[in-house]
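Grab your viewer and a pencil. Try each task before you read its solution.

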Amino acid sequence: MDVLKQWENGILLKTENIRIELFLKEEKQLGKGVTRHFAFLVEDCDEMINRIKQEGYSILMEPKDVCIGKDYFVRVGFCIGPIGEKIEFFQEK
C-alpha cells in the first residue's frame, strides 16, 4: 500500500479503490478488538447518506467537507449501522 497522506496523529494508506486510515493515538483507550469505525470510499457522499436515510438508519453526521491532514480534502458523512457500528462514507475532492 502507498502512503496517500500523513499527519501528526494519523496516516492514510491507498491501494486502488481502498483507503485505510490509521490513528497513531486514541483520545481514549478502546477495548481489545473494538473498531472505532470503518469507512467506504464513495463517488457521492450526499447521495449515499440520502440512501441510508431512506433505509431508516440513523445519521450521526450529515455530509460536510473536511480537511484530513495538510491538503487532503474530503466530504464525509456518518451513520449507525445495523448492529450499532459507526460507518463513514467519504468522497475525495
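This is a predicted model: local features need pLDDT of at least 70, side-chain atom pairs count only at pLDDT 80 or more; totals for chains, interfaces and linings use all residues.

Residues are numbered from 1 along each chain as its sequence is written, and side-chain values use heavy atoms, with hydrogens and water left out.

**Exercise 1.** Work out the strand order of the open three-stranded sheet.

*Solution.* Strands are DSSP E runs of at least two residues, numbered from the N terminus, and two of them pair if DSSP finds at least two bridges between them. Step one: the order is β1-β2-β3, with antiparallel pairing. Step two: β1 (2-7) and β3 (18-23) have a single partner strand each, so one side of each lacks a neighbour in the sheet. Step three: β2 (residues 10-15) pairs with β3 over six bridges, and Gly10 has Phe23 of β3 as its bridge partner.

**Exercise 2.** Is Leu22 buried, partly exposed or exposed?

*Solution.* Buried means under 20% relative accessible area, exposed over 50%, and partly exposed in between (1.4 Å probe, protein chains only). Leu22 sits in strand β3. Its relative accessible area is 41%, so Leu22 is partly exposed.

**Exercise 3.** Now classify Arg75 and find what it touches.

*Solution.* Arg75 belongs to strand β6 (residues 72-80). Its relative accessibility is 17%, so Arg75 counts as buried. For contacts, take heavy atoms within 4.5 Å. Skipping neighbours within four places in sequence, the partners of Arg75 include Cys45, Asp46, Pro63 and Phe89. Pro63 is 12 residues from Arg75 in sequence, yet their C-alpha atoms are 6.3 Å apart.

Key:
Helices (H or I, at least four residues) and strands (E, at least two) are DSSP runs, numbered from the N terminus.
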